[in-house]
Amino acid sequence: MALEWVVLGYAAGAEAVMLLLLTLPGLDGLRRGMVSVVKSALKPMMSVVPFCLFLLMDIYWKYETRPTCDDEHACTPSEHLRHQKSIMKSQRNALLIAAALLLYWILFSVTSLVVRLDHLQQRVDKLKKRDD
């Protein structure tokens with residue numbers, strides 16, 4: 001199961017890098033090329049959403065089927081430690097899921113805003129040329 005989390009981590013990292021390159025000031029030449037790359041990558045990256053939902057269901061299933069230590073002395077210290085580690089991993093993985101989904105949504109929004117801004121800039125330039 002660790003491979004899924006590695007893939008999700010790389011996807012979130014790629015989203016963060018693309019978002020950073022789109023929003024850094026002073027990279028106008030790079031931004032035009034990045035917009036076309038990001039626009040073409042957004043549809044395949046949409047697979048992150050169902051993948052995250054699958055992993056979230058996996059966390060929920062592990063939570064529901066985990067062994068419980070009802071009494072204080074029902075579990076050995078090693079079982080208790082393993083249970084605590086499992087909870088920590090689940091929380092970490094839930095944060096990774098939230099980050100991947102949030103970064104995808106922000107990347108989608110920023111890309112559409114940059115495209116709209118480029119279209120508006122082209123219209124302004126066209127109107128300036130017509131007035132001259």
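Tutor: Helices α1 (residues 2-23) and α4 (77-131) pack at an angle of about 35°, with their axes 9 Å apart. Axes are lines fitted to C-alpha atoms, for helices over the stretch in contact, and angles run from 0 to 180 degrees between N-to-C directions. Helices are DSSP runs (H or I, at least four residues), numbered from the N terminus. This is a predicted model, in which local features need pLDDT of at least 70 and side-chain atom pairs count only at pLDDT 80 or more, while totals for chains, interfaces and linings use all residues. Residues are numbered from 1 along each chain as its sequence is written, and side-chain values use heavy atoms, with hydrogens and water left out.

Student: What is the handedness of the crossing of α1 and α4?
Tutor: α1 passes α4 in a left-handed crossing, that is, the near helix is turned anticlockwise from the far one by less than a right angle.

Student: Which residues make that contact?
Tutor: From α1 they include W5, L8, A12 and L19, and from α4 they include L96, A100, L103 and L107. Contact means heavy atoms within 4.5 Å. By class, this contact has 15 nonpolar, four polar and one charged residues. Ala, Val, Leu, Ile, Met, Phe, Trp, Tyr, Cys and Pro count as nonpolar, Asp, Glu, Lys and Arg as charged, and the others, Gly among them, as polar.

Student: And at what angle do α1 and α3 cross?
Tutor: The axes of α1 and α3 (residues 48-64) cross at roughly 140° and come within 11 Å. That makes α1 oblique to α3. The crossing of α1 and α3 is left-handed.

Student: Which residues of α3 are in contact with α1?
Tutor: V48, F51, C52, L55 and I59 of α3 meet E4, W5, V7, L8, A11 and E15 of α1. The residues of this contact divide into nine nonpolar, no polar and two charged.

Student: Changing topic: what volume has the largest pocket?
Tutor: The volume of the largest pocket is about 290 Å³. On a 1 Å grid over the protein atoms alone, a pocket is an open set of points where a 1.4 Å probe fits, with protein on both sides within 12 Å along at least five of seven lines; lining residues have an atom within 4 Å of a point. Grid points are joined across faces, edges and corners, and a volume is the space filled by probe spheres set on the points.

Student: Which helix gives the most to its lining?
Tutor: α4 does, with six residues.

Conventions. Helix = DSSP H or I, 4+ residues; strand = E, 2+ residues; numbered from the N terminus. Parallel < 35°, antiparallel > 145°, perpendicular 65-115°, else oblique.
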